[in-house]
Amino acid sequence: MIEINDVTLRYKNIKNNNLSPNVLEDISFSLKPRERCVVIGPSGCGKSSLLYILAGLLSPTKGSVYINQKKVTGPRDEVALILQDHGLFPWKTVYDNAELGLLLKKVDKETRQRKVLELLKRLDLIDHIDKYPTQLSGGQRQRVAIARALAQRPQILLMDEPFSALDALTRERLQDTLLELWLDKELTYILVTHSIEEAVFLGEKIIVLSPQPGKVIKIFDNSTSGSRLYRKTQDFYANCNYLRDLLEGEVK
Amino acid sequence: MMKKLVSYSLAIASLIICWHLASILLAKPFLPTPFAAFTGFFGLLLGGQLTNHFLISLYRILVSLLLAFLLGVPLGLVLGRNQALDKFVAPIIYVLYPLPKVVFLPILVVLMGLGNLPKIALITLIVFFQVVVKARDAAKAIPFQSLQAIRSLNPTTWQIYYHLIWPFCLPKILTSLRITLGTAIAVLFFAETFASSDGLGYFILDAMERREYSEMYAGIITMAGLGLIIYGVIDFIEHRFCKWQRI
């Protein structure tokens with residue numbers, strides 16, 4: 001479903017057209033439908049850039065990305081992106097923010113209303129639909145961002161450190177919510193994070209990247225994850241430790 | 001609303017007290033007491049001699065602001081988001097911006113006659129540059145993350161302007177409009193005293209030349225009222241279209 005082939009990224013300096021050193025180097029992996037993928041790596045390893053490439057917001061210098069056998073050349077309807085700072089617009093209410101994706105696609109008003117209200121209900125935001133983002137807590141804002149992304153019924157959900165600014169309990173609650181949504185919305189997701197616990201809890205396939213340039217050090221199969229209870233199992237701790245060692249070895 | 005009313009009343013009351021004291025201390029005919037000035041003002045207001053001058057000044061300034069807004073905002077926003085175009089147009093704006101546009105009044109009068117047109121053109125010209133520069137700078141300051149957020153939804157260029165750039169910039173543009181208003185009214189006054197036979201500027205200068213000081217002050221009070229009304233209009237627009245700013 002998603003195929004990433006030898007993706008290398010270098011930034012171009014606008015002033016003199018010089019290329020930066022490699023930000024990402026020869027990244028290759030593929031994902032099946034409904035796979036839960038987490039990309040983890042230290043700060044500055046280019047993991048957010050990788051996500052922007054998948055979202056069609058950035059072109060790789062070399063290599064290619066295919067989604068549903070079609071080469072990615074720009075943003076696509078079947079892909080939704082959630083940003084670290086949630087990307088909500090302060091001048092739009094919760095409802096208007098959640099509706100934005102559908103509005104831009106010129107979906108008719110009734111369909112928009114039905115889909116958006118259903119999701120806002122599901123995400124416990126129904127009592128806040130007329131509020132503005134500044135009136136919400138961090139967790140609520142991130143849930144609005146999730147509602148906006150899911151309202152478009154994407155097949156693929158891309159998330160750039162979506163829960164990193166939240167306190168521990170709110171973060172875990174949202175991770176649970178994400179798992180629930182994954183269970184009943186036929187989703188494939190790719191989440192970028194620097195949190196080891198988050199990676200192990202949410203990732204069925206964990207792509208470990210090295211620091212500058214970002215290269216795949218390991219594709220880690222974590223198929224026992226996928227339920228809320230996993231967080232309290234021995235397996236979870238063991239895998240966290242394994243991943244920590246892997247990352248520490250690379251950072252040294 | 002009540003609070004606003006109280007604070008405005010207090011501000012006006014303290015101004016009037018200062019004025020009263022100054023007038024007693026100075027004891028000259030060209031600074032009458034507020035009471036005398038307001039008596040003259042209400043006399044003229046009820047007599048209807050002020051109404052026409054007031055309305056024509058209000059019309060001139062409102063049309064100028066509207067024109068400057070309609071012409072300046074789209075240009076500024078596009079320049080802010082289009083580097084290539086900005087590179088080409090920015091030097092032209094920078095050369096014209098600091099130029100005192102008031103000096104063009106005689107040319108405008110020769111070109112457009114003595115009516116409303118040269119006055120509106122002059123004020124529009126002055127406000128236009130302020131608005132263009134402010135709109136452009138605001139549009140340049142749009143956070144990268146916000147742009148990525150909307151781009152990921154695959155929008156048309158028009159949708160990016162409508163949902164992101166315009167609402168992001170509007171409060172900043174309204175602020176610049178408020179700041180320019182002082183200049184705009186000053187220029188209105190000047191334009192109306194130059195080869196003109198109506199408007200508050202004409203009324204004030206005419207009263208001065210006739211040494212009718214209470215009439216002159218009636219004109220000045222009306223001019224202040226004019227400014228207040230336009231501030232009210234801008235506040236109303238902000239209230240209506242920038243609700244999120246008040247949280």
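1. A residue counts as buried when its relative accessible area is under 20%, and as exposed when that area is over 50%, with partly exposed in between. The model under discussion is predicted. By that cut-off Trp19(B), at 19% relative accessibility, is buried. Phe38(B), at 24%, counts as partly exposed.

2. These two residues form an aromatic pair. The ring centres of Trp19(B) and Phe38(B) are 6.0 Å apart and the planes stand at 45°, so the pair is classed as tilted. Over all chains, the count of aromatic pairs is 14.

3. Which residues join Trp19(B) and Phe38(B) in a cluster linked by ring pairs? The cluster also takes in Phe41(B), Phe42(B) and Tyr217(B). Leaving aside residues up to four places away in sequence, Phe38(B) touches Ile16(B), Trp19(B) and Ile221(B). As a distance reference within chain B, the C-alpha atoms of Phe38(B) and Val102(B) are separated by 32 Å, the two residues being 64 apart along the chain.

4. Charged groups also sit over rings, and an example can be given from each chain. In chain A, the charged end of Arg36(A) is placed over the ring of Trp182(A), at 4.8 Å from the ring centre. In chain B, Lys101(B) lies over the face of Phe129(B), 4.5 Å from the centre of that ring.

5. Chain A has an open sheet of six strands, ordered 6-7-8-3-9-10, with mixed pairing. Its edges are strand 6 (79-82) and strand 10 (216-221) of chain A; each has a single partner strand, so one side of each lacks a neighbour in the sheet. From one strand to the next the twist averages 15°. Within this sheet, strand 3 (residues 36-40) and strand 9 (residues 205-209) of chain A are paired in the parallel sense through four bridges. Cys37(A) has Lys205(A), in strand 9 of chain A, as its bridge partner. Helix 4 (residues 138-151) of chain A packs on the sheet and touches strand 6 and strand 7 (156-160) of chain A. The direction of helix 4 makes about 170° with that of strand 6 of chain A.

6. Chain A also has an open sheet of four strands, in the order 2-1-4-5, and here the pairing is antiparallel. Strand 2 (24-31) and strand 5 (70-71) of chain A are the edge strands; each has a single partner, so one side of each is left without a neighbour in the sheet. Strand 1 (residues 2-9) of chain A is joined to strand 4 (residues 62-67) of chain A by five bridges, in the antiparallel sense. Along this pairing, Thr8(A) stands opposite Lys62(A), and Asn5(A) has Ser64(A) as its bridge partner. Strand 1 of chain A also pairs with strand 2 of chain A, antiparallel and over five bridges. There the bridge partner of Ile4(A) is Phe29(A).

7. Two backbone angles are worth a look. Most residues other than glycine have a negative phi. Lys106(A) has phi near 60°, a positive value in a residue other than glycine. Lys106(A) is located in the loop between helix 2 (94-104) and helix 3 (109-122) of chain A, and at 66% relative accessibility it counts as exposed. Arg211(B) likewise has a positive phi, near 55°. Its place is the loop between helix 9 (200-209) and helix 10 (213-241) of chain B. Where does Arg211(B) fall on the accessibility scale, buried or exposed? With 55% relative accessibility, Arg211(B) counts as exposed.

8. The last point concerns the interface. The contact involves 24 residues of chain A and 18 residues of chain B. Between them, chain A and chain B bury about 2000 Å², with 64% of that area on carbon and sulfur atoms. Phe89(A), Trp91(A) and Leu104(A) provide 33% of the area that chain A buries against chain B, more than any other three residues.

Conventions
Residues numbered from 1 in each chain as written. Chains lettered and ligands numbered in written order. Predicted model: local features only at pLDDT ≥ 70, side-chain atom pairs only at ≥ 80, totals over all residues. Heavy atoms only, no water. Phe/Tyr/Trp six-rings, centres within 6.5 Å; stacked < 30°, edge-to-face > 60°. Buried < 20%, exposed > 50% of the residue type's maximum accessible area, 1.4 Å probe, protein only. Lys NZ or Arg CZ within 6 Å of the ring centre and 35° of its normal. Pairing = 2+ DSSP bridges. Helix = DSSP H or I, 4+ residues; strand = E, 2+ residues; numbered from the N terminus. Axes fitted to C-alpha atoms, helices over the stretch in contact; angles between N-to-C directions. Contact = heavy atoms within 4.5 Å. Buried area = accessible area lost by both parts, 1.4 Å probe.
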